[in-house]
Amino acid sequence: MLGDRTSVAGFRPLGIAVFPAETAEEAREAWPRLVAGEYGVVLVTEPAYEAVADLAAEVVDRPVPAVTVIPGAGRAAGVGQAKLDDAIVRALGTTAFVKEEED
């Protein structure tokens, strides 16, 4: 689990390895260890994902680790939804969701 200390704090008691990263530099420093093969699933908070998005793109086609973006503590920025939309387009060749227009 990669993200800010507040977001990852609840995952450590569950036995999940956590990598607190308060800055983009800390997230980028932790990234190589997360994708080196030790972990099958990597959970990344949206702010941390934005810091490592270019690095994550390099492993997107690997079977492991599966990189999953989750909201961090606070408000979701929509990065996870955008990543899911991209995966659906890659798999189906089109979007599956119809976005409602805002009033």
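Predicted model: local features only at pLDDT ≥ 70, side-chain atom pairs only at ≥ 80, totals over all residues.
Residues are numbered from 1 along each chain as its sequence is written, and side-chain values use heavy atoms, with hydrogens and water left out.

**Overall layout**
- The protein chain has 4 helices and 4 strands, where helices (H or I, at least four residues) and strands (E, at least two) are DSSP runs numbered from the N terminus.
- Reading from the N terminus, the order is β-α-β-α-β-α-β-α.
- The C-alpha trace spans about 40 × 35 × 25 Å along its principal axes.

**α2 against α3**
- Helix α2 (residues 24-34) packs on α3 at about 40°, with the axes 8 Å apart; axes are lines fitted to C-alpha atoms, for helices over the stretch in contact, and angles run from 0 to 180 degrees between N-to-C directions.
- That makes α2 and α3 oblique to each other, the label for whatever is left once under 35 degrees is called roughly parallel, over 145 roughly antiparallel and 65 to 115 roughly perpendicular.
- On the α2 side you'll find Ala24, Ala27, Arg28 and Trp31, and they meet Ala48, Ala51, Val52, Asp54, Leu55 and Ala56 of α3.
- By class, this contact has 8 nonpolar, no polar and 2 charged residues (Ala, Val, Leu, Ile, Met, Phe, Trp, Tyr, Cys and Pro count as nonpolar, Asp, Glu, Lys and Arg as charged, and the others, Gly among them, as polar).

**α3 against α4**
- The axes of α3 and α4 come within 9 Å and cross at roughly 55°, so this pair is oblique too.
- Glu46, Tyr49 and Glu50 from α3 meet Val79, Gly80 and Lys83 from α4.
- This contact has 2 nonpolar, 1 polar and 3 charged residues.

**The largest pocket**
- The largest pocket holds about 410 Å³ of space; a pocket is an open set of points on a 1 Å grid over the protein atoms alone, where a 1.4 Å probe fits, with protein on both sides within 12 Å along at least five of seven lines.
- Its lining (residues with an atom within 4 Å of a point) comes to 21 residues, with Val60, Val67, Lys83, Ala87 and Arg90 nearest the centre.
- α3 (46-57), β4 (66-70) and α4 (79-92) each give at least two lining residues, and α4 has the largest share with 9.
- The lining has 15 nonpolar, 2 polar and 4 charged residues.

**One backbone detail**
- Val64 and Pro65 are joined by a cis peptide bond, with omega about 0°.
- Pro65 sits in the loop between α3 and β4.

Terms used. Points joined across faces, edges and corners; volume = space filled by probe spheres on them. Contact = heavy atoms within 4.5 Å.
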